[in-house]
Structure formats: C-alpha cells, structure tokens
Amino acid sequence: MRALILGGGGMVGQKLARHITANGLNGQQVDITLHDIAFPPDPIVGATQIKGSIADAGTPETLAKTKPDVIFHLASIVSGEAEADFAKGWAINMHPTWALLEALRAEHEMDPSYRPRIVFTSSIAVFGGPYPDKISDDFLSAPQTSYGAQKSICETLISDFSRKGFIDGISIRLPTICVRPGKPNAAASSFFSGIIREPLNGQEAILPVGDTTRHWHASPRSATGFLTHAATLDTDLLQNRRALNLPGVSCTVAEQIEALRDIAGNDVVKLIKPQPDPVIQKIVEGWPRNFAPERALALGFRAESSFKEIIQVYLDDDLKRPI
C-alpha cells in the first residue's frame, strides 16, 4: 500500500507517519511519502520526504501520477493566517485541492480501477452561529470565517468527486487539537494549547479570551486515530454523507485551567496571564462549542472523555521535562 501525507512536515503529519510506519494500515505495510514546505531535522526512517508547496504549479499533478492508494490531506495554512491574508488563504486552502482532485480524476480516467481513498482534514470552523447547546450531525454548515469557507468548499468538492467515482473520499471535521507540542503557531486557536503547554514547560502563557469561553478539543493522539480509522473505514457506511463531526471534549477555559491545576498545581497555573485580544475573541466567538457526534461514534471514532485526559496525553507523549 502507498500513502501520501500532504502537510507531512507538521505536527499531526509527523505523528501520523510515525504511527503508520510502526503499525501499518489495516494490517498492511505502507510505503509513505511526506510532502510539505519544510520538515523537522530528524527524518522518519522508512518515509520519503518531498519538499515543496502544494500550491506550486504542477505539484498536484506530479503527486497524483505516483498513484497513492491513500492520501491524507492535511496541507493548509491555519485559521488566523487565512483570515489575515485573504488571498493566501484561498490560494493554499482551496485551489490546490481542486487541482489535486482534477489530477486524480485524470488518473482515474486513464485507469478506471484507480480510485484512491482521500482523508481530508476539515474543521469545526465550517459551522457558524447561532448555535444550539450541542451541534448535531444535521446542523447547517454556514462558516463565518474565510478558513471555514475554504474547508467547507473542499468538503463539497470531495463529496462530488466521490459521487462520480473518481475518488473515495471522507472529510473529518477535527476538533481543536490540544495540547500541541512545540511552539505557538498563527492559528487563532493556538492559545488553547499555549495556556497548558507553556506553563508545563515553566514559561508564561497569554490568555487572550475570557475563561468562560467554551470549545471542543481532542488530543494529537486522537487525531492520529481519527485519520487512520478514516483511511480504513468502509465508506459505504457513510451513505453518501462524506463529512463527519468527530468526537471530542467540550470545556471552558476555566475548566482547562482547573484540569491543569489538578495535575500540576497552583504555581504552574500562575504562569497564565490574561491579556484580552479583540481580534482573537471575535474569531473564537464565531466557533462552535459542543457537539453530539453520533454518526462518528457509531462508526467507531473515539476521543478522550475529559480535558484532564488530554493533558495526560501531552505529558505521556510530548513533555520533555518532569513537572
């Protein structure tokens, strides 16, 4: 089996690649190719790295010609950057997906037996308020950010190309992945990880929103599980509804902080410094807060049941110093 991970240099892409090289997919060994604009200094043994932008002319066509069996599409710029740079958001987050799908359609038309599985990492940003207490699987997708609009359009493209039989696609709407290891990024949601990660590493963290802010989270370990499960799922079970809300943990910032206090104590929590940011507040206020992901649960997707569990995953998998 051949797998291509677009955005393979990022945190989730790297964790996914390491998991697959160790465990395979559906009992099969996998030949993995990673594509991204940059990679960490320690390459993954057994994986091929290709450096470049998915938005470069000819790149989607070149990658499609390798005829991977599974494509994990993680490549995008993050929410805050897509909102700040309108043109770049569309140039990275939407147009290359169209080009890739068209290239895969061309490969299918030359060889009708070729119908790759595409797992597209979408986002809960495809939704917009006003929200019910919990978003059901039937709630309207009506994004209120450019990032959400770009993800929503890609979902629709993947659904239609799948309907026509060119690909076999599934879009998974990831919760905010937390606690992310490494440095902060330009995502508007970055602080959700930062207020946990930085204090656990002895550093101050800025909290740009009020502690009553509620959000939907899952760990990087769960993200890897979501992706591998989606890659091997019988898509006939989707009944042509190829976008899924995934399970997670709904909690307030205050509840995040209390979970951190329970694990690491008051001195660690004191490193969180409130500093309101109206731009971040406005973006986050437009995001959903809680879900009832019954379809995904019925299909076997699983996540943590508490934010304390999410912190524990970070401690077990990524923290480089004892607390």
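How many residues does H1 have, and how far does H1 reach from its first C-alpha to its last? H1 has 13 residues and reaches 18 Å. That is close to the 18 Å expected at 1.5 Å a residue. Before I go on, please keep in mind that this is a predicted model.

Let's stay with H1. Its buried residues are Met11, Val12, Gly13, Gln14, Leu16, Ala17 and Ile20. They pack against strand S1 (2–6), strand S2 (31–36), S4, S7 and H8. After H1 comes Gly24, with a positive phi near 70 degrees.

H8 is next. This helix covers residues 220–232, 13 residues in total. From first C-alpha to last, H8 reaches 19 Å, close to the expected 18 Å. At its start there is a contact to look at. A side-chain oxygen of Ser219 comes to within 3.2 Å of the backbone nitrogen of Arg221.

Which residues of H8 are buried? They are Pro220, Ser222, Ala223, Thr224, Phe226, Leu227, Thr228, Ala230 and Ala231. Their packing partners include helix H1 (11–23), strand S5 (117–123) and strand S6 (168–174). Strand S4 (70–73), strand S7 (176–177) and strand S9 (214–218) are also on that list.

Now the helix pairs. Two packed helices are described by the angle between their axes and the distance between the axes. Take helix H9 (residues 253–264) and helix H13 (residues 307–317). Their axes come within 9 Å and cross at roughly 55 degrees. H9 and H13 are therefore oblique to each other. The crossing is right-handed. On the H9 side, the residues are Gln256, Ala259, Leu260, Asp262 and Ile263. They meet Phe307, Lys308, Ile311, Gln312 and Leu315 in H13.

H9 has a second pairing to show, with helix H7 (residues 190–200). Here the axes come within 11 Å and cross at roughly 20 degrees. An angle under 35 degrees counts as roughly parallel, so H7 and H9 are roughly parallel to each other. H7 passes H9 in a right-handed crossing. H7 brings Phe191, Phe192, Ile195, Ile196, Pro199 and Leu200 to the contact. H9 brings Val253, Gln256, Leu260 and Ala264.

On to the loops, and some backbone geometry. The peptide bond from Gly129 to Pro130 is cis, with omega near 5 degrees. Pro130 sits in the loop between S5 and H6. The bond from Cys178 to Val179 is cis as well, with omega near 10 degrees. Val179 is in the loop between S7 and H7.

Then look at the loop between H8 and strand S10 (243–245), where Gln239 is found. Gln239 is not a glycine, yet its phi is positive, about 55 degrees. Asn240 is in the loop between H8 and S10 too. Its phi is near 70 degrees, again positive in a residue other than glycine. Are these residues buried or exposed? Gln239 is exposed, at 65% relative accessible area. Asn240 counts as exposed, at 62%.

Pro293 lies in the loop between helix H11 (278–285) and helix H12 (294–298). Pro293 is buried, with a relative accessible area of 7%. Beyond its neighbours within four places in sequence, Pro293 is in contact with Asp137, Trp216, Asn245, Leu246 and Pro247.

Last, Ser152, in helix H6 (residues 146–163). Ser152 counts as buried, at 15% relative accessibility. Leaving out residues up to four places away in sequence, Ser152 touches Val126, Ser141 and Pro143.

Conventions. Residues numbered from 1 in each chain as written. Predicted model: local features only at pLDDT ≥ 70, side-chain atom pairs only at ≥ 80, totals over all residues. Heavy atoms only, no water. Helix = DSSP H or I, 4+ residues; strand = E, 2+ residues; numbered from the N terminus. Expected span 1.5 Å × (residues − 1). Buried < 20%, exposed > 50% of the residue type's maximum accessible area, 1.4 Å probe, protein only. Contact = heavy atoms within 4.5 Å. Polar contact = N/O pair within 3.5 Å; in protein donor to acceptor, adjacent residues only side chain to side chain. Axes fitted to C-alpha atoms, helices over the stretch in contact; angles between N-to-C directions. Parallel < 35°, antiparallel > 145°, perpendicular 65-115°, else oblique. Left-handed = near helix turned anticlockwise from the far one by under 90°.
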